[in-house]
Every structure is written in structure tokens, then in C-alpha cells.
Amino acid sequence: MAEDHAAPAGTDEMNGAESLVRTLLGSGVDTCFTNPGTSEMHFVAALDHVPGMRSILTLFEGVATGAADGYYRMAGRPASTLLHLGPGLANGLANLHNAKKGGSGVVNIVGEHAPSHIALDAPLTSDIEGIAGPVSHWVKTSHAARTVGADAAQAVQAARTAPGQIATLILPSETAWTQGGAVAFAEAPPAPAMPDADALAKAAEALDGPGSLLLLGGGALTAENLETAGRIAARTGCAILSEWSNARMERGAGRVFVGRVPYPIDIAIKVLEAFDRIVLVGARAPIGFFAYPGKPAVLTRDDARIVPLAGAGDDLTATLDTLCGRLGATDTPPAHVAERNAPATPTGPADADTIAAVLGQMIPENAIVVDESITTGRAFGPATAGAAPHTWLNNCGGSIGYSLPAAVGAAVACPDRPVLALTGDGSAMYTVQAIWTMAREALNITMVIFANRSYQILRGELTNVGVGNAGPRAIDMLSLDRPAINWVDMARSMGAEASAVSTAEALSEALAAGFATPGPVLIEVEM
């Protein structure tokens with residue numbers, strides 16, 4: 001929880017809501033993803049009085065919070081959300097969970113009843129601090145108009161703290177409408193830490209030969225840091241991998257290619273059994289996504305030595321640079337640099353392999369790929385390693401419905417870059433309202449919906465948890481074909497261009513058209 005700081009003197013010419021907007025802008029937060037209600041109307045009004053804040057309407061709070069996640073990943077600074085009381089915050093929790101796991105900084109502004117109304121137990125009264133706590137690093141309720149600005153400045157500082165934190169500021173309605181607000185400015189967050197000499201020495205000693213692994217995550221996956229990791233690999237002979245889910249990874253031809261620890265537990269165990277020394281830089285020691293009967297949750301060998309060098313909130317660039325210098329690898333050409341994919345025209349029915357081949361050819365240079373492709377996407381990594389240079393975003397928290405909102409945020413943060421959202425039909429239905437916001441804001445997003453008419457990943461999980469002969473009722477709970485979802489009509493109803501394809505050739509043509517079309521385009525891949 002936050003600590004109180006001395007508040008600046010208020011002014012009778014500014015209410016709390018206006019001081020909030022001015023504080024956010026003065027602290028570098030100039031984008032707000034919003035779904036307001038009555039308690040937030042003075043904040044909405046303040047947006048008219050104070051120029052500079054881009055306010056983007058969403059039709060569901062989970063879109064607002066997911067967009068703020070995608071925004072931070074690409075802009076490197078927090079956006080704000082504006083949410084209506086406890087239920088509005090609750091609607092956004094799933095993507096705040098994903099943002100927290102991904103290390104994204106978000107400033108949530110949540111309206112609250114005036115204290116006199118809370119005492120009446122009105123229908124929307126709830127424990128907002130209790131709702132916010134599990135998905136927030138910092139939570140505070142403002143209690144007076146004169147403190148709103150100072151509280152908001154603390155929230156921004158918290159959100160900026162490496163690698164990025166969720167800050168939730170609760171604003172009772174009378175603090176918004178009451179005069180006496182004062183502007184404050186966020187202080188710089190604490191500087192990221194560096195590992196000590198002993199940790200560096202242990203890491204350098206461990207990275208020696210093919211039995212050693214450098215496991216990367218978080219900010220270690222920039223193009224520059226991957227190049228440094230490639231130099232370390234070339235010098236020491238160690239392998240390099242990343243975590244399965246990464247907030248942001250730079251990939252493509254000319255960059256060091258890093259495979260991911262596989263999601264399927266048996267495959268992951270097989271891959272990791274080769275390593276008896278694993279150095280962690282921005283990553284956690286590998287564990288399974290779920291528990292399975294008779295299978296280990298820890299994916300490494302029992303005798304493997306785990307060497308934690310730097311956590312996600314540490315200075316990962318300085319850590320890798322220092323480690324590289326200690327190993328004498330600074331001038332060593334990096335290993336594992338990806339070469340450009342050879343020109344090819346994938347043909348045949350659209351399946352996991354042909355779709356992967358199409359993407360390897362079609363991803364535009366400097367694109368942002370937002371990946372929630374689940375089962376279809378497991379073949380995408382190697383096939384897109386030699387695509388044009390691009391940025392890849394994964395769902396880090398496992399709560400589905402992340403990709404379309406995150407694509408909104410990424411496109412707002414980087415309007416000059418094409419955004420490609422890859423998602424299953426089941427996942428996309430969780431936050432389908434994002435398409436409307438894409439159209440309203442004319443965002444340059446191409447969506448590819450893999451329509452296998454099922455929760456395909458859960459069919460595999462039935463087997464993984466020991467259900468060998470699933471009956472018709474179980475299968476029916478995992479099917480999306482009664483009725484089938486018409487993605488083309490749905491996208492068009494919300495203002496996006498749309499088409500359906502079923503072959504690799506048609507997908508190539510549709511992607512080319514989508515990337516050339518301003519505004520959002522949806523491609524339904526019938527599988």
C-alpha cells in the first residue's frame with residue numbers, strides 16, 4: 001500500500017478531477033483507455049477543460065485494461081484506464097492479471113461513491129481496494145480534492161517502477177467535483193539494480209559448454225540484448241532459450257534467434273533435460289503451466305543447478321553487458337543470427353504448418369505481432385525466425401482474451417507500425433468488443449482468427465489430465481460449432497473490413513490486402 005506524502009496547497013479554481021488530468025499529463029501519461037460511468041463524469045468533463053489527453057473509448061473494461069498492457073509494452077511508459085466503480089474494475093481484472101504477469105505499468109483510475117453514499121449501501125457499493133489488491137502493486141484511495149494530484153503522482157511513479165507495475169488510484173466522486181485541487185509531478189522511480197560481483201562470477205562459471213543454458217525473459221529480449229546473449233553463446237558454447245511467454249521479444253532476419261521453452265510439459269522436460277546449469281536473466285526457473293497427474297511441475301532435472309543472476313526488475317542490459325565482458329565475448333560475433341526466409345509460396349489447406357509458412361513470408365518489416373494463437377501457433381516460432389524484423393508479444397498471464405485489446409494498445413503506441421493480431425476463435429470472443437474500438441480509432445491492425453470451432457487446447461488438456469475417453473457431453477463443452485460464429489459478419493457490423501479463407505494461397509492474398517488497407521481488417525481462417 002502507498003504511503004502518504006505531503007500534499008501541495010490546493011486552489012479554489014481547480015477541482016480534484018482537473019488536478020488529476022493535469023498531474024497525469026505533467027507526469028508523462030497522455031493516453032487513457034476508458035469506460036466511464038456516473039461517478040467518473042467529472043473526470044470526463046476535465047478532459048474537455050485540459051487539452052492533451054487522448055481518451056479512447058472501449059465497450060468493455062477488459063478491453064481498456066488489455067489495451068493499457070499492450071500500450072506499455074510498446075511505448076515503454078504507462079497509459080491510464082478509467083473504470084466505473086468496483087464492477088467496472090472487476091470486468092477488467094483478467095487483463096490486469098495478464099499485465100501484471102507481463103511486467104506492464106498501468107495507472108488505473110477507478111471511480112467510487114462519495115462516503116455519504118457508501119453509508120447507504122447503494123447497489124454499486126463494493127470493496128474496491130479489496131478487488132484491486134490481487135492485481136495491483138500499489139492501491140490508494142484519495143480522501144480530499146487537495147490530495148488527488150499528489151496521489152496520482154505517486155501512482156505514476158509506482159507504475160514506472162521496473163519492470164512496470166499496476167497502480168490503482170480510487171477516486172471518490174466528491175474528491176473529483178470539489179474545488180481545491182493541486183497539480184503534482186511524479187518523481188523518478190528507483191533505478192533498477194545490478195547483480196553483485198559474486199552472482200556474476202557464479203554465472204560466468206556456469207556458462208561453459210553445451211550442458212549450460214542462458215534462460216532469458218523480460219527486458220533481456222531486446223534486439224541489443226539478444227545480440228549480447230548471442231555473443232555469450234558463441235564464446236561459451238552455452239544454449240540460449242527464452243521463457244514460454246514473453247512480454248516483448250525482438251525477432252526476425254538479422255537478429256539472434258532464441259527458441260522458447262515449449263508449452264507441452266513432456267516436450268519441455270525433454271528439451272531441458274540436456275542442461276545441468278541454467279543461468280536466469282530476467283526469467284524464472286521453468287515450471288509447468290498446470291499440474292498434471294504423475295508429472296513434475298518443475299521442468300528441469302532434479303540435479304540441475306539454477307543460477308539466478310538478475311530478476312525482471314533488474315538492469316538486464318547492464319547485466320548482460322557486464323557478463324559478456326567478464327567472459328571476454330564483447331568482440332565475438334554472435335551465434336544464432338537468423339537468416340532471411342527463402343522466397344516461397346505456401347500452398348494447400350490452411351493448417352498449422354501452412355499458416356506458419358505463410359506468416360514467415362508475409363510478416364511486414366517492423367510489424368508488431370500480438371500472439372494468442374494457442375494450439376495453432378505452436379509451429380509459428382521456427383517458421384517466422386527468418387521473417388522480416390518484427391516485435392512479438394505473448395500472453396504472459398494465461399487469462400484468455402488478451403490479444404485483441406493488446407493490439408489496440410500497441411497500435412495506439414506505435415501508429416506508424418503495422419500490427420498483426422493472431423488469435424483463436426474462442427479467445428477472441430472474450431474481448432470481441434475491441435474490434436469496435438479499432439474501427440472507431442482507425443487503427444492499423446490486421447486480425448487473423450483461427451476458426452477451428454472449438455477450445456482446441458482444452459481437448460488436448462483432457463488427455464493431459466488423464467481423461468482418456470471423453471464422452472459427448474465433455475466434447476460438447478469444448479465445441480464452438482452449434483451455432484458457428486460468423487466472424488466476417490461480426491467484424492463488419494463493428495466497422496472493420498473482413499473476409500474468410502481456407503487455403504494458404506488465399507491467406508497470403510488476404511494478408512497482403514490487409515496490410516495495404518488503412519484501418520482494421522479481420523481474416524477468418526476456416527480450419
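Helices α1 and α8 run roughly parallel to each other (an angle under 35 degrees; over 145 is roughly antiparallel, 65 to 115 roughly perpendicular, and the rest oblique). The structure is a predicted model, in which local features need pLDDT of at least 70 and side-chain atom pairs pLDDT 80 or more, while totals for chains, interfaces and linings use all residues. Residues are numbered from 1 along each chain as its sequence is written, and side-chain values use heavy atoms, without hydrogens or water.

The axes of α1 (residues 16–26) and α8 (residues 145–160) approach within 8 Å and cross at roughly 25 degrees; axes are lines fitted to C-alpha atoms over the stretch in contact, with angles from 0 to 180 degrees between N-to-C directions. Helices here are DSSP runs of H or I with at least four residues, and strands are runs of E with at least two. On the α1 side, the contact (heavy atoms within 4.5 Å) involves Gly 16, Ser 19, Leu 20, Thr 23 and Leu 24. Their partners in α8 are Ala 145, Val 148, Gly 149, Ala 152, Ala 153 and Val 156.

Most peptide bonds are trans, and most residues other than glycine have a negative phi.

Leu 85 belongs to helix α4, and its phi is near 55 degrees. Leu 85 is buried, at 1% relative accessible area (buried means under 20%, exposed over 50%, partly exposed in between, with a 1.4 Å probe and protein chains only). His 336, by contrast, is partly exposed at 44% relative accessibility. The phi of His 336 is about 65 degrees, and this residue lies in the loop between α13 (316–326) and α14 (352–362).

Helix α4 (85–91) also turns up in the surroundings of helix α5. In α5, which spans residues 93–101, the buried residues are Asn 95, Leu 96, Asn 98 and Ala 99. These residues lie on the same side of α5, because they cover an arc of only 155 degrees around the axis, taken from the directions from the helix axis to the C-beta atoms. Besides α4, they pack against α3 (61–75), β4 (106–112), β6 (166–172) and α16 (403–413). Gly 103 follows α5 and has a positive phi, near 75 degrees.

Asn 246 lies between β8 (239–242) and β9 (249–251) and is buried, with a relative accessible area of 1%. Neighbours within four places in sequence aside, Asn 246 contacts Arg 73, Leu 216, Gly 217, Leu 221, Arg 260, Leu 393, Asn 394 and Cys 396.

Pro 520, in the loop that joins α22 (504–516) to β18 (521–526), is likewise buried, at 6% relative accessible area. Its C-alpha atom is 6.7 Å from that of Ala 442, although 78 residues separate the two along the chain. With residues up to four places away in sequence not counted, Pro 520 touches Met 438, Ala 439, Leu 443, Ile 445, Met 447, Ala 496 and Glu 497.
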